[in-house]
Amino acid sequence: MTAVDDRPQAHAQMQPEQFEALAAAAAREADGLRLEFIGGKLGVKAVPDGLHETITMWLVRQCLQHAPALDLHTGQGLRIETCRKGRARPDGTLAPTAHFVRAGEWADPDGVLMTVEVTSHDHDTNQRDRVEKPRAFAESGIPVHLLIDREGEEVTVYSEPVDGSYQERHSAAFGKTVTLPEPVGITLDTEPLKTWSSTARGSGA
């Protein structure tokens with residue numbers, strides 16, 4: 001049976017096709033401006049700062065080291081949510097090497113093994129990164145979602161998506177060892193996140 005999206009789409013700000021055209025125009029006019037469309041709402045993805053980029057590249061290296069047959073993409077757009085009505089640009093999208101060769105700007109999430117979000121210091125981080133995106137990625141059937149929460153200084157691993165929500169959720173403070181379950185199968189030593197977070201806090205970042 002096809003899943004039915006019972007959220008009030010009538011209140012969506014625009015249709016996905018309209019969003020794609022708007023996002024393309026925004027990217028042409030303003031370098032670095034990245035838009036997302038989640039839960040029927042338009043959002044702006046924050047420009048990453050130095051710590052955000054450092055964490056992202058650390059995770060890229062970890063994936064290359066422990067799973068060389070997989071690539072962690074840092075800019076691939078995805079069609080998400082029930083009926084693929086949403087559009088997101090995860091900070092990381094883990095998939096087999098060359099998985100997106102034929103994909104356009106917005107790819108179907110089938111075959112994606114994990115999405116990653118690193119929080120930013122903007123006003124809607126709590127709702128978007130901690131609530132809306134995990135729900136959207138679960139609805140899309142993505143097996144694992146990794147949230148690196150800079151404010152809370154913890155890592156949360158979501159897994160086992162069923163009926164639009166992740167059944168398993170495990171959090172650990174920066175510095176702890178975290179296991180990303182299959183089909184990812186990577187263990188992360190997050191001690192660097194603790195060190196970098198402390199350094200950034202000391203500098204007032």
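1. Let me start with the inside. The largest cavity is lined by Arg34, Lys45, Ala46, His52, Asp91, Glu117, Val118, Ser120, Arg128, Asp129 and Lys133. By class, that lining comes out as two nonpolar, two polar and seven charged residues. Have a look at the side chains there, keeping in mind that this is a predicted model.

2. Which elements build that lining? E8 and H3 are the elements that give two or more residues to the lining of the largest cavity. H3 gives the most, with three residues. The space inside the largest cavity is about 60 Å³, and a search of the whole structure turns up one cavity of 30 Å³ or more.

3. Next, the second largest pocket, which holds about 160 Å³ of space. Its lining is made of Glu36, Phe37, Ile38, Lys41, Leu42, Gly43, Asp124, Gln127, Arg128 and Glu132.

4. Where does the lining of the second largest pocket come from? Strand E1 (34–38), strand E2 (41–45) and helix H3 (125–139) each put in at least two residues. Sorted by class, the lining of this pocket has three nonpolar, two polar and five charged residues.

5. On to the sheet. Six strands make an open sheet, ordered E3-E6-E8-E9-E10-E11, with mixed pairing. At the edges sit strand E3 (70–73) and strand E11 (165–173), each pairing on one side only. From one strand to the next the twist averages 20 degrees. As a reminder, strands of a sheet pair through backbone hydrogen bonds, either parallel or antiparallel.

6. Within that sheet, strand E6 (residues 92–96) and strand E8 (residues 114–118) run antiparallel and are joined by three bridges.

7. Now the two hairpins. E9 and strand E10 (residues 154–162) pair in the antiparallel sense over six bridges, and the bridge partner of Val144 in E10 is Ser159. Four residues lie between E9 and E10 in this hairpin, and Glu153 in the turn has a positive phi of about 50 degrees.

8. E10 and E11 run antiparallel and are joined by eight bridges, with Ser165 in E11 as the bridge partner of Val162. Two residues separate E10 from E11 here, and Asp163 in the turn has a positive phi of about 50 degrees.

9. How many aromatic pairs are there? The count comes to four. Take Phe19 and Phe37: the ring centres are 5.5 Å apart and the planes are at 15 degrees, so the pair is stacked, given that planes under 30 degrees apart count as stacked. Phe19 lies in helix H1 (residues 16–29) and Phe37 in strand E1, so the pair ties together parts that are 18 residues apart in sequence.

10. Finally, two loop details to look over. Glu81 has a positive phi of about 70 degrees although this residue is not a glycine; Glu81 is found in the loop between strand E4 (77–80) and strand E5 (86–88). Further along, a cis peptide bond joins Glu182 and Pro183, with omega at about 15 degrees. Pro183 is in the loop between strand E12 (177–180) and strand E13 (186–189).

Terms used. Residues are numbered from 1 along each chain as its sequence is written. This is a predicted model: local features need pLDDT of at least 70, side-chain atom pairs count only at pLDDT 80 or more; totals for chains, interfaces and linings use all residues. Side-chain values use heavy atoms; hydrogens and water are left out. On a 1 Å grid over the protein atoms alone, a cavity is a set of points where a 1.4 Å probe fits but cannot get out, and a pocket is an open set with protein on both sides within 12 Å along at least five of seven lines; lining residues have an atom within 4 Å of a point. Grid points are joined across faces, edges and corners, and a volume is the space filled by probe spheres set on the points. Ala, Val, Leu, Ile, Met, Phe, Trp, Tyr, Cys and Pro count as nonpolar, Asp, Glu, Lys and Arg as charged, and the others, Gly among them, as polar. Two strands pair if DSSP finds at least two bridges between them. Axes are lines fitted to C-alpha atoms, for helices over the stretch in contact, and angles run from 0 to 180 degrees between N-to-C directions. Rings of Phe, Tyr and Trp (its six-membered ring) pair if their centres lie within 6.5 Å; planes under 30 degrees apart count as stacked, over 60 as edge-to-face and the rest as tilted.
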